[in-house]
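Let us walk through this model by question and answer. Each answer ends on what was asked.

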Amino acid sequence: FCFLLRGMTEKEAADDVICVQLPEICRLIAGGELSVDNIDVFCEEGVFGIESTRRILQAGKDAGLQINFHGDELHPMKAAELGVELGARAISHLEEISKAGIGAMAESDSIAVLLPTTAYILRLNQPPAREMIDKGVIVALGSDFNPNAYCLSMPLVMHLACVNMRLTLTEALAAATINAAAALGQADKRGSIEIGKIADLVIIKSPR
């Protein structure tokens with residue numbers, strides 16, 4: 001996850017990621033000391049602007065990493081359009097996605113990872129989930145567990161998605177399971193109960 005270090009300009013931070021951090025990560029991966037699949041950037045005003053985000057994500061892609069990044073959370077940054085252009089696996093947040101961004105994602109395989117607890121706890125605008133789904137965008141749900149969205153309960157995430165984002169129960173279930181697995185490149189192994197997949201499930205004997 002790429003962010004600005006104290007005392008660095010945006011360009012200096014982007015150069016550090018591209019010229020210092022990524023080569024070291026690639027070295028560690030090649031030596032079997034590190035396992036990394038994705039590259040993430042916080043594309044936001046005051047952090048990484050759209051062009052710095054493009055540079056970092058393209059460098060990560062060139063290094064063999066999948067693009068899975070934060071965008072259009074607090075301000076409309078055109079992150080969705082950029083993600084589609086670069087072939088992102090997933091884009092998280094999207095509270096401020098544009099109409100053009102929705103259209104671009106609907107025509108792509110990029111997955112919108114929506115985070116209901118973040119919008120609720122931080123009192124942000126809700127992402128236009130209903131419009132995104134109706135237009136054909138693949139939507140996943142996540143908890144965004146961190147100090148400012150301190151919730152690990154996926155049932156609560158699904159509940160908020162239904163109440164605040166107008167997902168149906170079936171849409172919320174799919175978004176929290178198979179689509180969430182796809183957002184991590186794991187849909188062939190996880191996210192649904194199928195023969196040959198990892199049985200990551202709990203069976204409860206209950207009268208209700």
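Q: Which helix holds Glu10, and is Glu10 buried, partly exposed or exposed?
A: This is a predicted model, in which local features need pLDDT of at least 70, side-chain atom pairs count only at pLDDT 80 or more, and totals for chains, interfaces and linings use all residues. Residues are numbered from 1 along each chain as its sequence is written, and side-chain values use heavy atoms, with hydrogens and water left out. Buried means under 20% relative accessible area, exposed over 50%, and partly exposed in between (1.4 Å probe, protein chains only), so at 31% Glu10 is partly exposed.

Q: What distance separates the C-alpha atoms of Glu10 and Ala175?
A: Along the chain, Glu10 and Ala175 are 165 residues apart.

Q: How are α1 and α2 oriented to each other?
A: Axes are lines fitted to C-alpha atoms, for helices over the stretch in contact, and angles run from 0 to 180 degrees between N-to-C directions. The axes of α1 and α2 (residues 50-62) are 10 Å apart, at an angle of about 5°. Angles under 35 degrees count as roughly parallel, over 145 as roughly antiparallel, 65 to 115 as roughly perpendicular and the rest as oblique. The two helices α1 and α2 are therefore roughly parallel.

Q: How many charged residues are in the contact of α1 with α2?
A: Contact means heavy atoms within 4.5 Å. From α1 come Glu10, Lys11, Ala14, Asp15, Val17, Ile18 and Leu22, and from α2 come Ser52, Arg55, Ile56, Ala59 and Gly60. Ala, Val, Leu, Ile, Met, Phe, Trp, Tyr, Cys and Pro count as nonpolar, Asp, Glu, Lys and Arg as charged, and the others, Gly among them, as polar. The contact has 6 nonpolar and 2 polar residues, and the number of charged ones is 4.

Q: Where does Arg6 lie, and is Arg6 buried or exposed?
A: Arg6 sits in the segment before α1 (10-30). Its relative accessible area is 86%, so Arg6 is exposed.

Q: How many residues of α3 are buried?
A: Ala79, Ala80, Glu81, Leu82, Gly83 and Leu86 are the buried residues of α3. Their cover includes β2 (42-43), α2, β3 (66-71), β4 and α4. Of the 8 residues in α3, the number buried is 6.

Q: What is the handedness of the crossing where α3 passes α4?
A: Helices α3 (residues 79-86) and α4 (residues 99-106) pack at about 25°, with axes 8 Å apart. Ala80, Glu81 and Val84 of α3 meet Ala100, Gly101, Ala104 and Met105 of α4. A crossing is left-handed if the near helix is turned anticlockwise from the far one by less than a right angle, and right-handed if clockwise. Here, α3 passes α4 in a crossing that is left-handed.

Q: Why do the buried residues of α4 line one face of the helix?
A: In α4, Gly101, Ile102, Met105 and Ala106 are buried. The arc is that of the directions from the helix axis to the C-beta atoms. The buried residues of α4 line one face because, seen down the axis, they fall within an arc of 135°.

Q: What is the phi of His93?
A: Most residues other than glycine have a negative phi. His93 is found in strand β4, and is buried at 2% relative accessibility. Although His93 is not a glycine, its phi is positive, at about 85°.

Q: Where is Leu94 placed?
A: Leu94 has a positive phi of about 65° although it is not a glycine. With a relative accessible area of 0%, Leu94 is buried. Its place is in the loop between β4 and α4.

Q: How are α7 and α8 oriented to each other?
A: The axes of α7 and α8 come within 9 Å. They cross at roughly 135°, and the crossing is right-handed. The helices α7 and α8 are therefore oblique.

Q: Which residues of α8 are met by α7?
A: The α7 side of the contact is Met154, Met158 and Cys162. By class, the contact has 7 nonpolar, no polar and no charged residues. In α8, the residues met are Leu169, Ala172, Leu173 and Ala176.

Definitions and conventions: Helices (H or I, at least four residues) and strands (E, at least two) are DSSP runs, numbered from the N terminus.
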